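Please open the model in your viewer and keep the sequence panel beside it, so that each selection below can be followed stop by stop.

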Amino acid sequence: MFLRDETIPVKVGDLTIGGNNELIIQSMCTTKTADVKATVAEIHRLEEAGCQLVRVTVNNQEAADAIKEIKKQINIPLVADIHFDYRLALAAIENGIDKVRINPGNIGKREKVEAVVKACKERGIPIRIGVNAGSLENHLLDKYGYPTPDAMVESAEFHIRILEELDFKDIIVSLKASDVPMAIEAYTKFSEKFNYPLHLGITEAGTLHAGTIKSAAGLGAMLDKGLGSTMRISLSADPVEEVKVARELLKSFGLISNAATLVSCPTCGRLDIDLFSIANEVEEYIQNVKVPIKVSVLGCAVNGPGEAREADIGIAGARGEGMLFRYGEMIRKVPEAELVNELKKEIDVIVESFEKTGEIP
Ligand code: SF4
């Protein structure tokens, strides 16, 4: 199996996907791409949340034309999502796109594929082959009867061979299905055969709550196997939520170096403070902290010090007050009303020091 760090590194703008690089978080705009103002505004919100690569649909000439202006106003690489129309791919490339998501086998005549590949080669732009269980080629549905992991891998291979015949290797592949076991098997089987970097995803995963669980189940299994160089969580929700979920998922596997982690207890009868509000407020606060600190918020002194020992900074509640811990050592007691603010101040001190020295003090 070709694991994350053994895949071919592929450049996308100033990022490198694959090889031993950190996994890249992607999302996709929900705006009409031709509406530059709305698209740029959404991309800025995504950037702020930690999105590193963003895709827009390029479904008409106006969308392709908008790429030039969008590119000027954003800071992360931009991907064009194209179905069938090679002219839109060429226009997107001409206008400065950083990556194209297109399936070469669906473009049509060979000259059209060659034109897209030539344009990508000239500008060093990679192509993502996006296999989707819901839109497999007819020849595969005829062969397999219905979407299966093998059919998905064969579809990817079909598109890969077209690019390889044209000596094009800057390829990233996704094999998405909304069925979790099918997606896991497809990605796993693909990785046993190819070392192109994988873009992970459970497609059409659902709403914020259900889709998060489904994505975590599917992508979690893949990440645990060492698969994936980039990922997108697909939710019927604000795409900023997709980025937040992706960051949380990567934190769970220790695969992200620029995110703070919160440990908080479920509470029980020992609780004497309003822990749910405190945990939510702290979570909100550390959302945009781009430093790998661990913060613990525990309801009482029974487990508080123990958990806090593992954390860089933490609190444990007591009656009407809380204890502030650093690496398990209590540094002071604080009234409940001031607890969150005091914790935030301590977090700020750690973040400031990390930004200066590159190390957690
Ligand atoms: Fe209960 Fe304390 Fe454990 Fe929280 S940390 S679950 S309040 S025992």
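**Helix 8 against helix 9**

Begin by selecting helix 8 (residues 208-225) together with helix 9 (residues 239-252), which pack at an angle of about 40° with their axes 11 Å apart. Helices here are DSSP runs (H or I, at least four residues), numbered from the N terminus; axes are lines fitted to C-alpha atoms over the stretch in contact, and angles run from 0 to 180 degrees between N-to-C directions. That angle makes helix 8 oblique to helix 9, given that angles under 35 degrees count as roughly parallel, over 145 as roughly antiparallel, 65 to 115 as roughly perpendicular and the rest as oblique. Now show the residues that make the contact, namely Leu208, Thr212, Ser215, Ala216, Leu219 and Gly220 of helix 8 with Glu241, Val245 and Leu249 of helix 9, where contact requires C-beta atoms, placed from the backbone, to lie within 7 Å. These residues of helix 8 and helix 9 divide into five nonpolar, three polar and one charged (Ala, Val, Leu, Ile, Met, Phe, Trp, Tyr, Cys and Pro count as nonpolar, Asp, Glu, Lys and Arg as charged, and the others, Gly among them, as polar).

A note on the model: it is predicted, with local features needing pLDDT of at least 70 and side-chain atom pairs counting only at pLDDT 80 or more, while totals for chains, interfaces and linings use all residues. Residues are numbered from 1 along each chain as its sequence is written.

**Helix 6 against helix 7**

Next, select helix 6 (residues 149-165) and helix 7 (residues 180-193), packed at an angle of about 45° with their axes 8 Å apart; helix 6 and helix 7 are therefore oblique to each other. Here Pro149, Asp150, Met152, Val153 and Ala156 in helix 6 meet Met182, Glu185, Ala186, Lys189, Phe190 and Lys193 in helix 7.

Zoom out and colour domain 1 (4-252) and domain 2 (261-357) separately, with bounds that come from an automatic or database domain assignment. Their centres, taken over C-alpha atoms, are separated by 38 Å.

Finally, which residues are closest to the ligand? Twelve residues surround the ligand, and the closest are Cys265, Cys268, Gly299, Cys300 and Asn303, with a residue taken as near if its C-beta atom, placed from the backbone, lies within 6 Å. The shell around the ligand divides into seven nonpolar, four polar and one charged.

How values were computed
Helices (H or I, at least four residues) and strands (E, at least two) are DSSP runs, numbered from the N terminus. Two residues are in contact if their C-beta atoms, placed from the backbone, lie within 7 Å.
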